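Please look over the sequence and the structure below before reading on.

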Amino acid sequence: MRPEVADLLARMTVEEKVAQLQSVWLNQDEGGVVAPTQDDSDLAAVDFDAAVRHGLGQLTRTFGTLPVDPELGARGLARSQRRIMAANRFGIPAIAHEECLTGLTVWQATIFPSPLCWGAAFDPDLVARMGAAIGGSMRALGVHQGLAPVLDVTRDLRWGRVEETIGEDPFLVGLIGSAYVRGLESAGVVATLKHFAGYSSSRAGRNFGPVSIGPRELADVLLPPFEMALRAGARSVMNAYTDNDGIPAAADESLLTQRLREVYGFTGTVVADYHAVSFLQTLHGLADTPGKAAGLALRAGIDVELPTVTCYGDALLAALAAGDVDPTLVDRAVSRVLEQKWQLGLLDDDYSPEPAGPFDLDPESSRTLALDLARRSIVLLHNRDTLPLPAGARVAVIGPRADDQHAVMGCYSFPVHVGVHHPDVPVGIEVPTVLDALRKDYDVSYALGCPVLGGDDAGIAEAVAVAREADFCVVVLGDRTGMFGTGTSGEGCDVADLRLPGRQEELLEAVLDTGTPVVLVLLVGRPYEISRQVDRLAAILCGFLPGEEGSTALADVLSGRVDPSGRLPVSFPRTGAGHPSTYLAPILGRRTELSSVDPTPLFPFGHGLSYAPVTWLDADSDRDWPTDGECRLSVTLRNDNAVPATEIVQVYLHDPVAEVVRPVQQLIAFSRITLPPGGTTRVDFTLHADLTCYTGLSGQRQVDPGAVELRIGRSSVDMESTLTLELTGPRRFVGFDRVMQPSHVVTPMA
């Protein structure tokens, strides 16, 4: 503990200490539901002066609850900070936090592509630049902490929050998530990793559902992204809502203290996911009073209760007075909060809450970033020599996602998260629809066909008539994002199977029957089953909610101005009713003669086509790989096209013999490479043996000697080279300080 914090802590009363563990959520009752069980929570209008009389730890979403003009909101936040500072003896302001998953969740702020798009782009540097832009907007408004990124690894496509994840591979999630953290933190904003840990593994993909996973799945699949992002400098962690084997994360001392603090060496703050402390009483049944819930959470390691004070207030003070809670737990949490405030400059004598500005939250630079990321994230799944569409063609644009601004937005974008509850308030930024974008290139006719949910035969008949008169038909289908059952994708919007929502498949079938070539464009928060139509479709493009410039990016790809270069961060299922699975499966998790259910995906992890495919020349590596050292891998590509071409070189590890059952293969390296026309490029990877580690029988991560394979290719199933290497030396046990990512150098060749 730094001396300044220790001195301050020693002079604080217990009431002043507890106040630093609290948050206040203003105006929360004037909007719609944006947090789980919000309607059942104690969210009555706050007596602000009474709430801050001893100080305050955090302010919850002063911008992200209602449509607030950014400059007026920043001035209002500054006024609130001055009131907080004047109310407590030490003049300590609060940390202001906001959501920032697809950009800052503030009216008029840039809406960036969703996290699945980050994964699809396979471009950490671009994601880091996006994070820095988001962080800059937050600092300009006086916001100190962002509740992102989501590092949950996709485990079940039926889960509504798949759209918030980066993908189904822990290495991809960790590398991309770490890039976002570096960007956000570079702007002086605290990044908050969520949800620690296990949330995405709930039974049947049901939000909040119980989790039943073993220590190896936790250690080898779910925790590595958090480990990587902590190493990248994240200063806050948010707990998962779920319980694993009966232990809710919010009460799990082994997770939040022993692992996070003692093993990982984390020194930042742990903040509760909204109402998670109360849920220990109301949903999990671990406590019979708010005071006991507070004691459990504090002991586990939760420092700040969000979004508003319920348990860490009078209930905690009463439990302390009764001797039911150890006061050293309060001191421990308060010291972490004060340390973070010191890092943010909030304890400086010359601190001023006045916002720095500027207040243009959607500048041209951010729109350019959003467009670049959207372009790189569009995945061409299937193409029967139809795309790009010829200039001047008559194009029928059909479907519920074709002419709706919300079609490109995730559930944590401001217009979806908050704006839908204020229909008279405009979106606040320019968001072209797919229909708008395609009208610039083609002779376009349009029919809705059916809404995302519902619709009638007349609408489908109209779409069929429009399709028959066109040279090509672009059918734009997908999700309506929302919260807690208001959408088909998003938090609390889980599904029972993976067929397209509503009558959309029926609409697609009807249009296919016209004989007009059909290009399917998916704007989705999760993959859906389209196996019954794939062989009759002329082409398929997928955009995972690509943000405010997503429609422009799709038009660029459809027209051929941009070569599609996205790759799938999640597999597309072959059957919609079979239990979903990811590519991280052992032999018996794949297709076998022992089961009549075939889990083979329709489109696998890493898959994506191009208009200008590159030529793979060769791959070579060292044959001996020390268990405590590195090996070199080189891959050479050539572009025989007359236009620039992009390839994502993917490197997978296959370990044929291990101490425990392992996935057949898993991603350990990748590089996004753009080659000029006629150009040849070599990428040299340096792979440390730590990348082969797994959790063995001892419960520790280990690197084993023996033969392994490096499989190099375009996707998890499309391999160009397989190289056999021998890991030599003794078995090694590794920990949090292991090498978690490779390095690579891209060299253009004559």
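A residue is called buried when its relative accessible area is under 20%, and exposed when that area is over 50%, with partly exposed in between. This is a predicted model, and the points below use those words throughout.

**A buried strand and its partners**

- Strand β11, residues 394-398, is largely enclosed by the rest of the structure, because 4 of its 5 residues are buried.
- Strands of a sheet pair through backbone hydrogen bonds, either parallel or antiparallel.
- With strand β12 (residues 443-447), β11 pairs in the parallel sense over 5 bridges, and in β12 the bridge partner of arginine 394 is aspartate 443.
- With strand β13 (residues 472-478), β11 is joined by 4 bridges and again runs parallel, and here valine 395 has phenylalanine 472 as its bridge partner.

**An open sheet**

- Seven strands form an open sheet with parallel pairing, in the order β1-β2-β3-β4-β5-β6-β9.
- At the edges of this sheet stand β1 (23-25) and β9 (269-271), each of which has a single partner strand, so one side of each is left without a neighbour in the sheet.
- Within the sheet, strand β5 (residues 190-196) pairs with strand β6 (residues 236-239) in the parallel sense over 3 bridges, and the bridge partner of leucine 193 in β6 is valine 237.

**Helix α6**

- Helix α6 (residues 124-141) has 18 residues, which at 1.5 Å a residue should span 26 Å, and this agrees with its end C-alpha atoms, which are 26 Å apart.
- Because 13 of its 18 residues are buried, α6 is largely enclosed by the rest of the structure.
- The residue that follows α6 is glycine 142, whose phi is positive, near 95°.

**A nonpolar patch on the surface**

- Ile587, Leu588 and Leu594 make a nonpolar surface patch of about 410 Å².
- Isoleucine 587 lies in the loop between α20 (550-559) and β16 (615-621), and it counts as exposed because its relative accessibility is 64%.

**Cysteines**

- How many disulfides does a search of the whole structure find? The search finds 0 disulfides.
- The sulfur of cysteine 693 is 14 Å from the closest cysteine sulfur, in cysteine 631, which is too far for a bond.
- Cysteine 693 is buried, with a relative accessible area of 10%, and cysteine 311 also counts as buried, at 1% relative accessibility.

**Salt bridges**

- Side chains of opposite charge can pair when their charged atoms come close.
- A search of the whole structure finds 46 salt bridges, and one of them joins the side chains of aspartate 7 and arginine 11, at 3.1 Å from N to O.
- Aspartate 7 and arginine 11 are 4 residues apart in helix α1 (residues 3-11), so about one helical turn separates them.
- The side chains of aspartate 288 and lysine 292 also meet in a salt bridge, at 3.3 Å from N to O; aspartate 288 is exposed, with a relative accessible area of 52%, whereas lysine 292 counts as partly exposed at 47%.
- Arginine 536 forms a salt bridge with glutamate 509, and their closest N and O atoms are 2.9 Å apart.
- Because arginine 536 lies in the loop between β14 (518-523) and β15 (539-543), while glutamate 509 lies in helix α19 (residues 504-512), the pair ties together parts that are 27 residues apart in sequence.
- Salt bridges that share partners also join Arg567, Glu647, Arg714, Asp718 and Glu720 into one network.

Technical notes. Residues numbered from 1 in each chain as written. Predicted model: local features only at pLDDT ≥ 70, side-chain atom pairs only at ≥ 80, totals over all residues. Heavy atoms only, no water. Buried < 20%, exposed > 50% of the residue type's maximum accessible area, 1.4 Å probe, protein only. Helix = DSSP H or I, 4+ residues; strand = E, 2+ residues; numbered from the N terminus. Pairing = 2+ DSSP bridges. Patch = residues over 30% accessible without salt bridge, like charges linked within 9 Å, V, L, I, M, F, W, Y side chains within 5 Å. Areas by Shrake-Rupley, 256 points an atom, 1.4 Å probe, with all protein chains shown as cover. Salt bridge = Lys/Arg side-chain N within 4 Å of Asp/Glu carboxyl O. Expected span 1.5 Å × (residues − 1). Disulfide = S-S within 2.5 Å.
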